[in-house]
Amino acid sequence: TDCEDCYPLADMKYSVSPVVRVAVETNNPSDLPKVVEGLKRLSKSDPLVLCITTTSGEHVVAGAGELHLEICLKDLQEDFCGGAEIKVSEPVVEFREGVAVVGKEDCLAKAANKHKRIYMGGEPLGDKLTIDLEAKRLNLREDSKTVAKNLRDEYDWDLEEARKIWAFGAEGTGPNCLVDATQGVQYLNEVKDHISTSFQQLTMDGGVRCEEPLRG
């Protein structure tokens with residue numbers, strides 16, 4: 001607009017968060033597209049409601065309280081689902097694998113020619129950093145130097161190690177971190193992409209013990 005009296009509109013800040021959750025499904029599989037579209041419309045109509053699809057394929061609706069969630073489900077059924085009947089149930093608890101203590105031994109992998117070896121170890125990421133990564137409080141899109149400085153200042157990381165982070169996982173933003181802790185090793189960048197891809201696959205598809213996604 002060219003009106004001098006206009007003011008930009010800013011997003012409203014809310015002091016509540018969606019904490020009460022239920023899983024939503026339909027009795028008729030053919031109505032699933034209607035439910036998915038209804039969840040999208042519900043998210044746009046209410047800034048406090050959270051509609052997510054879990055890794056197990058469940059559609060979860062979260063509200064700021066029981067009354068708020070009840071109203072959201074009523075709107076979803078009557079206004080947004082196009083006549084599709086929905087069924088509400090408790091969401092399935094998703095399990096995660098994690099690292100509790102620093103590993104006593106490093107894992108060894110050898111190349112086919114037996115001349116190249118890679119040693120890897122694991123240690124806990126820390127509850128604070130794990131939670132902040134899950135909540136997207138740490139901006140991983142910033143340049144590596146800024147991310148490293150934040151890790152040093154907020155989470156007591158060693159600055160040199162923080163600058164040598166290869167990847168976060170799963171999907172580049174999850175609560176797991178791959179760090180290059182080597183010194184003076186040549187040609188490591190030639191296998192960096194392969195190691196990072198394997199790391200993403202491991203953290204997403206399942207850990208080494210129970211085949212559950214990794215966390216922390």
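**Helix geometry and packing**

Analyst: Fine. Note that this is a predicted model. α2 is followed by Gly82, whose phi is positive, near 60°.

User: How far apart are the end C-alpha atoms of helix α2, residues 66-80?

Analyst: They are 20 Å apart. With 15 residues at 1.5 Å a residue, the helix should span 21 Å, so the two values agree.

User: Which residues of α2 are buried?

Analyst: His68, Leu69, Cys72, Leu73, Leu76 and Phe80. Viewed down the axis of α2, these buried residues fall within an arc of 135°, so they line one face of the helix.

User: Why would residues three or four places apart point the same way?

Analyst: Because an α-helix has 3.6 residues a turn.

User: And which residues are exposed on the other side of α2?

Analyst: Glu66, Leu67, Glu70 and Glu78 are exposed there.

User: Switching to α3 and α4. At what angle do their axes cross?

Analyst: At roughly 130°, with the axes of α3 (residues 127-134) and α4 (residues 144-155) coming within 11 Å. That angle makes α3 oblique to α4.

User: Is the crossing left-handed or right-handed?

Analyst: α3 passes α4 in a right-handed crossing.

User: Which residues make the contact?

Analyst: On α3, Lys128, Leu129 and Asp132; on α4, Leu151, Glu154 and Tyr155.

Definitions and conventions:
Residues are numbered from 1 along each chain as its sequence is written. This is a predicted model: local features need pLDDT of at least 70, side-chain atom pairs count only at pLDDT 80 or more; totals for chains, interfaces and linings use all residues. Side-chain values use heavy atoms; hydrogens and water are left out. Helices (H or I, at least four residues) and strands (E, at least two) are DSSP runs, numbered from the N terminus. The expected span of a helix is 1.5 Å times one less than its number of residues. Buried means under 20% relative accessible area, exposed over 50%, partly exposed in between (1.4 Å probe, protein chains only). The arc is that of the directions from the helix axis to the C-beta atoms. Axes are lines fitted to C-alpha atoms, for helices over the stretch in contact, and angles run from 0 to 180 degrees between N-to-C directions. Angles under 35 degrees count as roughly parallel, over 145 as roughly antiparallel, 65 to 115 as roughly perpendicular and the rest as oblique. A crossing is left-handed if the near helix is turned anticlockwise from the far one by less than a right angle, and right-handed if clockwise. Contact means heavy atoms within 4.5 Å.
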